[in-house]
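Welcome! Take a look at it, then work through each task with its solution.

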Amino acid sequence: MRMAQDLVFVPLGGVGEIGMNAGLYGLGEGRKRRWLMVDCGVTFGDPVTTPGVDLIMPDIRFALSHGKAVEAIVLTHAHEDHYGALLDLWPQLKCPVYATPFAAGLLDAKRAAERDAPKIDVRVVAEGSRFSVGPFDVELVPVAHSIPESTALTLRTPVGTVIHTGDWKIDRTPVLGRPTDEERFRAIGEEGVAAIVGDSTNSLREGISRSESEVAASLGELIRNAPGRVAVTTFASNVGRLRAVADAAMACDRQVVLVGRAMARATEVARELGYLEGVPEFLSPDAFGYLPRDKVVALMTGSQGEPRAALARVAEGDHPQVTLAKGDRVIFSSRAIPGNEKAVGRIINRLIEGGAEVITDRTHFVHVSGHPRQEELAMLYGWTKPKVLVPVHGEEAHLHGHAAFAHAVGVPKVVRVRNGDMVRLAGGEAEIVDDVPVGRTLKDGRVLVSATEATIGERRRLSFAGVVSIALAFTERGELSGGVSVRFTGLPPRDDEGTPMLEVLRDTVLDCIDGLPRQKRRDAGVVEKAIERAVRGELQLVWGKKPICHVSVLGV
Ligand SMILES: [Zn+2]
Ligand SMILES: [Zn+2]
């Protein structure tokens, strides 16, 4: 019997979490499906759960298992949570990558800044364009978001049409770029939409999000009436926001200084593509020191509290060119991503300590989200009338809220998925039909490590209790030859009674050896195990912790 052709979707990341968006659409008959990958993003590590790891990426085993049946990767936009894993993972995939000029430009700039970055096969496609990828007919529908050229993907197939929204909002007056294309969505809705796979980030928030041009007006006012220097921090890729700041600066005769490499990179790409037409050239950080205080605005990286970014260094007083003082104004045109609040708070406190006035979205209207609230979701679903909704791009609460809201506004069916579920969207009942292996890949220094490896767990244990190394040797007769070498890192110098830790450890090792019958001392493995057990046990008693313990018995 011939298997029926269907269209399926498999999220590899981004469902049940914010970040690391990646998914695959499959079209065909069972094992003969052809695949199209949408996005390839990262999420960020943190010092407590993933010490030493900055970037976390999806495990793409499933995509790799299909080899050349993966026709291409299409990027919805150039935010890190959608394209940040590309440079690291593409060498395994090696398929063409479709990107708009802005995303392609940012990718190129990132490549140039990275050692050994691969030369990726990028096909530049304009917003609004339509092209074929294997059996998929892809249309990039322009949507408003917080980065230029964000697109929703419309995938037309013989069994039905699916809209993958990507990140979007309805902003009828964006500062730059095209507003969300209502007309196209209505037309696609007329053709019939089997399913929407959609952004859930703000699904718990009522109403409609405010426009970028309203933020621009508010920022303009805050820059105009500032008494001294002004520093604005925001995501470098939010070119509309950068443009708003530059326009406001120009209007009150201030010059714009860029501080932070990401700012320079993003504005260079934006300028090349005409997004900064009419805006005077930006100045380098050197200019900050010699311009009169009321004639300068600095655009800075570091809105998320990143410790190595410009703003953190300025706040700590160790930026070579930029200092802020009493009477200066710092505007956080941003919101801290969950997990970054502490780092952002620390910077705010340092800035206030230094005398600066700090303005955030808690005190003034200086930021809007780039994601749709409930009324916006209702509008899109009204235009396109999908038969099925699959909520993605959100934590559990967001996905749940999105599902409930979609039901309430009349979307006939909602299918909840998790990373690794294979959900049928068209060509049969919409439901989960399979599951595939998923996971996380950690970028540890320059090396990619599976999250299932012991590496990071061991590092967490190290950070909690340190490590002890013991080395010793026996003569042929089973006598201790020379002394016992004991070293440790991360242990307190003395135990709870004040005995030096080194003494505690050495005595424990000697006692342990004394208790070992001579013939057992011939087996290095047995001796090592016995000493390790004794040392960890003793430390549990005198310290309350069991560090990692390495024992080496030499020359038995
Ligand atoms: Zn996103
Ligand atoms: Zn985004």
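Two strands pair if DSSP finds at least two bridges between them. Keep in mind that this is a predicted model.

**Exercise 1. Find which strands pair with strand 3, and in which direction they run.**

Step 1: Begin with strand 2 (residues 22-28), which is joined to strand 3 by 6 bridges; the two run antiparallel. Leucine 27 sits opposite arginine 34 in strand 3.

Step 2: Now turn to strand 6 (residues 70-74). It runs parallel to strand 3, with 4 bridges joining them. Here valine 38 stands opposite valine 74 in strand 6.

**Exercise 2. Decide whether strand 3 is largely enclosed by the rest of the structure, and say why.**

Step 1: Buried means under 20% relative accessible area.

Step 2: Of the 7 residues of strand 3 (residues 34-40), 6 are buried, so the strand is largely enclosed by the rest of the structure.

**Exercise 3. Describe how helix 5 and helix 12 meet.**

Step 1: The axes of helix 5 (residues 182-191) and helix 12 (residues 374-384) come within 7 Å and cross at roughly 45°. The two helices are therefore oblique to each other.

Step 2: List the residues in contact. Glu182, Phe185, Arg186 and Gly189 in helix 5 meet Leu380, Trp383 and Thr384 in helix 12.

Step 3: Sort them by class: this contact has 3 nonpolar, 2 polar and 2 charged residues.

Methods:
Residues numbered from 1 in each chain as written. Chains lettered and ligands numbered in written order. Predicted model: local features only at pLDDT ≥ 70, side-chain atom pairs only at ≥ 80, totals over all residues. Heavy atoms only, no water. Axes fitted to C-alpha atoms, helices over the stretch in contact; angles between N-to-C directions. Parallel < 35°, antiparallel > 145°, perpendicular 65-115°, else oblique. Contact = heavy atoms within 4.5 Å. Nonpolar A, V, L, I, M, F, W, Y, C, P; charged D, E, K, R; others polar. Buried < 20%, exposed > 50% of the residue type's maximum accessible area, 1.4 Å probe, protein only.
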